Amino acid sequence: MSATSWRTHRCGALRAEHVGQRVHLGGWVHRRRDLGGIVFLDLRDRDGLVQVAVGPAWSGAEVVERASAVGAESVIVVEGAVVSRPPEARNPEMATGAVEVHATALRVVGPAEVPAIPVARGKGEELPSEELRLRYRHLDLRRSEMLHNLTLRHRLLQRSRRTLSDLGFLEIETPILTKPTPEGARDYLVPSRVHPGECYALPQSPQIYKQLLMVAGFDRYFQIARCFRDEDLRNDRQPEFTQIDLEASFVGQDDVLEVVEAVLVALWDEAGAAVPRPFPRLAHRDVMERFGTDKPDLRYGFELRDWSGPVAAREIPFAAPSLANGGRVRGIAVPGGATLSRKDADALATAAKELGGSGLAWVKRQGDQLSGSVAKYFDVESLGGLGVGDGDAALFAAGPDAVTSTVLDRVRQRVIERFQASPAIPHAFAWIVDFPLFERDPETGQAVAAHHPFTAPHPDDVDRLASDPLSCRALHYDAVYNGNELGSGSIRITDPAVQRAVFQHLGLSAEAIESRFGFLLRALAAGAPPHGGFAIGFDRVTMLLAEAGSLRDVIAFPKTTAARALFEGAPAAPDAAELAALHLRVIP
């Protein structure tokens, strides 16, 4: 068997039209079955599985003996003829199930120890724990699900590149070693060996660089950008992540949204889903009122309602303190909610308290009978006025909007899970626009940028920037899909005076502004075109299109929720010599 011709075909590519051909295959032994002197090997590669039959009639005793001893996940190369399987032996669940390969030669080129975690699983067999799978990621990546997810990721990357290139965007790389900037999370710092006591930062985004590219006249930029944020992790967060980053000159908000829509529609098309355009646009104030969140799942109803007036008129004790302090009573009418058990209601009330609320009041109607924690304060007619009919329920939260929005958003999600598992529509995209420019830090009371400090104020609100900055809206926009934020962007500040004023509202001194952002202000003063951009969270998009459980299922080598890389053992303590070279020491 010649080593100069390792493969003529991939395993999963063989079909009925290959019958009669001699092939060379290479792959991993997925399963082995010994049946009456014939050994069957399921041989796996990137394209899939094919059955290799090794028998004395066509393989010879030596090849049969070798096949009988080969272990799972060993790498072998085989040579043989493609033959049709007998009709009764065909496997309709395999793409190659109509054929098999009769091996005439077999060689083990990569013997394998017993796998630490199984790659081949039976139907219904559970996966090993995620920690174990991440520790043995080289084996976990052999699973067909991971291969599918990462292949889809590749296709989505290429489709985004083609789409943006066709729209006239240039792919330009920006630095990874850069300068710390405030973008809402902690920077990862990289000590400099050649400049003692100084550090680079890994970029949270290419934000300033892409603005500089617009000032320089490159007109349309994009990048598949690696970004880094030292923040607490969740299933939809990683310390290093990928975004489809773009920026364009001589554009307004409508222009940017049109480009991003084109990219998102192309990505969903690549995954086999047709999405209509344009996406609806919803004001931030309105979605917070209707859904309690700026990333609402619009596939369902269950919108929030202001019931302050009707509740105040009935003098219900649970609401009185909040109403007296300027709060409101808001709630959700739940069609079919009369099936809620006391246990269900108590679980929702507990969730409300965990989010800082005072709890959750509830009442349900079955015919003329009312029950629930505040049932005695209502009758059938008054519930009807709240939009609660026979067989329905009402859920109430009282307090300031910042609390009731958070509480009722969570309650709404639980209600959706409980009552309406099948969405009315499969794909609900929307733009959220007119975000606030600033918000108040709940701990310090100081104004902070609602997103980042390079976002232009709404033109109708610029006159209030000096006198009432917290009332100003921003030319900022988010793309949301089925309750997930896909990305965000804005029209940028191009007037150095406005940019300086925003920095001042954020509490930066003149010296701090010059030290941290002097280069940007000088660039804007050199003549900056109107420009804006967007960043699509590519890992999250891939997770959603792959219908995966977490970002870790669509990233080849992810970090855990503790920001550790279990496979390679990172982060790790540096040795004394490395610390000395970087002019650092560890303080116990």
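**Figure 1. Helix H5 against the sheet in the predicted model.** In this predicted model, helix H5, formed by residues 207–215, lies across strands S9, S10 and S22 (531–537), and runs at about 20 degrees to S10. Two of these strands, S9 (residues 220–228) and S10 (residues 240–249), run antiparallel and are joined by nine bridges, and Phe228 has Glu240 in S10 as its bridge partner.

Figure 2. The strands follow the order S6-S9-S10-S22-S21-S20-S17-S11, and their pairing is mixed. Strand S6 (170–171) and strand S11 (281–283) are the edge strands, each of which pairs on one side only. Strands of a sheet pair through backbone hydrogen bonds, in either a parallel or an antiparallel manner. Helix H7, comprising residues 284–291, lies across S11 and strand S17 (429–433), with its axis running at about 80 degrees to S11.

**Figure 3. Helix H6 and the glycine that follows.** Helix H6 (residues 253–270) contains 18 residues and spans 26 Å from its first C-alpha to its last, which is close to the 26 Å expected at 1.5 Å a residue. Of the 18 residues of H6, 14 are buried, that is, under 20% relative accessible area, so the helix is largely enclosed by the rest of the structure. Just after H6, Gly272 adopts a positive phi of about 95 degrees.

**Figure 4. Lining of the largest cavity.** Two cavities of 30 Å³ or more are found in the structure, and the largest cavity holds about 50 Å³ of space. The residues that line the largest cavity are Leu134, Arg137, Phe557, Pro558, Ala565, Leu566, Phe567 and Glu568.

Conventions:
Residues are numbered from 1 along each chain as its sequence is written. This is a predicted model: local features need pLDDT of at least 70, side-chain atom pairs count only at pLDDT 80 or more; totals for chains, interfaces and linings use all residues. Side-chain values use heavy atoms; hydrogens and water are left out. Two strands pair if DSSP finds at least two bridges between them. Helices (H or I, at least four residues) and strands (E, at least two) are DSSP runs, numbered from the N terminus. Contact means heavy atoms within 4.5 Å. Axes are lines fitted to C-alpha atoms, for helices over the stretch in contact, and angles run from 0 to 180 degrees between N-to-C directions. The expected span of a helix is 1.5 Å times one less than its number of residues. Buried means under 20% relative accessible area, exposed over 50%, partly exposed in between (1.4 Å probe, protein chains only). On a 1 Å grid over the protein atoms alone, a cavity is a set of points where a 1.4 Å probe fits but cannot get out, and a pocket is an open set with protein on both sides within 12 Å along at least five of seven lines; lining residues have an atom within 4 Å of a point. Grid points are joined across faces, edges and corners, and a volume is the space filled by probe spheres set on the points.
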